[in-house]
Amino acid sequence: MRTSAYTVLGLLVLSALTWAHFTGWAPGVDEVKNVPTSVRESPGSYRAIYRGPRSYTGAK
Amino acid sequence: VVVACSACGAVLDAQDADHRLIAREAEQRRVEPAIPLGARGRLKGEPFEVLGFLVREITVDGDPYAWGEYLLGGPEGQVRWLTEYQGHWILARATTGLPEVGRDRAARYLDIRFRHFQTAEAQVRYVIGEFPWQVRVGERAWVSDFVAPPHILSCERTADETTWSIGEHVDGERLWKAFGLPGSPPVRVGVGVVQPSPLAPHLSRVLWLLAGFAAAAVLVHLAFVLLSQQRTVYEGRFVYRPGAPGAAVVTDSFVLEGRRSNVVIETRTDVSNAWVYFNFALIDEAGGRALDFGREVSYYFGRNGDGAWQEGAPEDRAWLPAVPAGRYYLLIEPETVGAGNPVTYTVRVRRDVPRPLYFWFVLGILVVPPAVLGYRQLRFEHQRWLESDHPMLGRGGRGGDDDED
């Protein structure tokens, strides 16, 4: 029973590896639709989702 | 031949014409054998009858450890020993040859290597039934056990003789069935000296499977490394001047080809004891869709009382999933606090790059079940060897830890 469960796990994990490699899967990023064509001419006009003030304080 | 009466407790020499009395039960403390004398059954296809029963005992660090030994006799004069200790049963017979004991204290017999388990002086504490030799309470012998589960090789030495026997673990339930005994066998306590590990066969198979899966994972990864595009589709260099207007830039267009696959954005900077946050958007020229993501690049270093230290890195790599083919460009908007030094950064876009992290992640998942099984197997063996002269990690129940006979 243990062996067959491990066989199933192994096959699933290998399938997931193949699928992830093939599709280029990665933890998702946000997709935005209807981006205005004016972005190229005026890059500052586009407000990215992640844009905002940062407050890094990580250094020693 | 000795006969010990279970009713009156008298131990008689059956070969003496007057049936000389050897011992009285008064010298013994009464013990009820789990398998009654006279019980008959078939073991390994051979019929046997329980002829005698004795209890032997060793003392380790002042603590007595006793076990039962049943003498079984067959119709053709076969003799077997059935021993029971804490619910663990072993069926033994005399060896037909002399085992070899090497310098490594291991014994070899019938092409099996037996590891030394324990040597102790055993004393007969109780005896009833019929025995083909004189046996009496108080009789002593040095007993050495060598194990190769489920087999055991035992050597018994007295001043007059040395005898070897080879035994095998027997399941108590099967024994009860074989002898047609009512009830159930004594409850097993701990791990028997040659009790087969229920985990060992699984562990062996799972380790083989792990080897197979790991090899398959390597092949899958290598196949994608060889067959993937891994093509640099864009590379550009920019300068970011904190505090100055116009930090946001767009790159030239680049084409992503092939099937839906990943895109890697590599950013290299010359930040030094500073950080820059990059707002990225990978924008599809045709569809007006954008993939938004942000990456922080921070790199700090210095020296303190513990010596040199550093934190972070001046470069970064972002993986965008499943991006369809098309013409794209990047919108990059760096930001930081204050008005620091200008930061020069390069951005490189690569298409269809196999991610090594996935291979290691898969390997990590595959290793977990064998590791858990291996740990449990180790615990099982630890329990087995706990009562030996060579405990694996120190002794629990018994004191002392030496290799002396």
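Author: Two strands pair if DSSP finds at least two bridges between them. Strands (E, at least two residues) and helices (H or I, at least four) are DSSP runs, numbered from the N terminus.

First, the ground rules. This is a predicted model, in which local features need pLDDT of at least 70, side-chain atom pairs count only at pLDDT 80 or more, and totals for chains, interfaces and linings use all residues. Residues are numbered from 1 along each chain as its sequence is written, chains are lettered from A and ligands numbered from 1 in the order written, and side-chain values use heavy atoms, with hydrogens and water left out.

Now the strand contact between chains. Strand β1 of chain A (residues 30–32) runs antiparallel to strand β20 of chain B (residues 290–304), and three bridges join them. Glu31(A) stands opposite Leu291(B) in β20(B). In a regular strand, side chains alternate between the two faces of the sheet.

β20(B) has another partner, within chain B. Six bridges join β20(B) to strand β21 (residues 307–312) of chain B, again antiparallel. A hairpin of two residues connects β20(B) and β21(B). Asn304(B) has Gly307(B) in β21(B) as its bridge partner.

Next, the whole interface. A contact means heavy atoms within 4.5 Å. By that rule, 60 residues of chain B touch 44 residues of chain A. The area buried between the chains is about 4500 Å², and carbon and sulfur atoms give 64% of that. Buried area is the accessible area (1.4 Å probe) that two parts lose on being put together, summed over both. On the chain B side, Phe213(B), Asp292(B) and Tyr358(B) lose the most area to chain A, together 15% of what that side buries. Helix α2 of chain B (residues 200–227) supplies the largest share of that side, eleven residues. The chain B side divides into 37 nonpolar, ten polar and 13 charged residues. Here Ala, Val, Leu, Ile, Met, Phe, Trp, Tyr, Cys and Pro count as nonpolar, Asp, Glu, Lys and Arg as charged, and the others, Gly among them, as polar.

What about specific polar links? A salt bridge is a side-chain nitrogen of Lys or Arg within 4 Å of a carboxyl oxygen of Asp or Glu. The rule does find six residue pairs in polar contact across the interface, both residues at pLDDT 80 or more. A polar contact is a pair of N or O atoms within 3.5 Å; within protein, one must be able to donate a hydrogen and the other to accept it, and residues adjacent in sequence count only if both atoms are side-chain atoms.

Over all chains, the whole structure has 18 salt bridges.

Last, confidence. pLDDT is the predictor's confidence in each residue, from 0 to 100. Chain A averages 75, and 65% of its residues score at least 70. Chain B averages 89, and 90% of its residues score at least 70. The complex gets an ipTM of 0.74 and a pTM of 0.74 from the predictor. pLDDT stays under 50 over residues 55–60 of chain A. Where pLDDT is low, predicted coordinates should not be read in detail.
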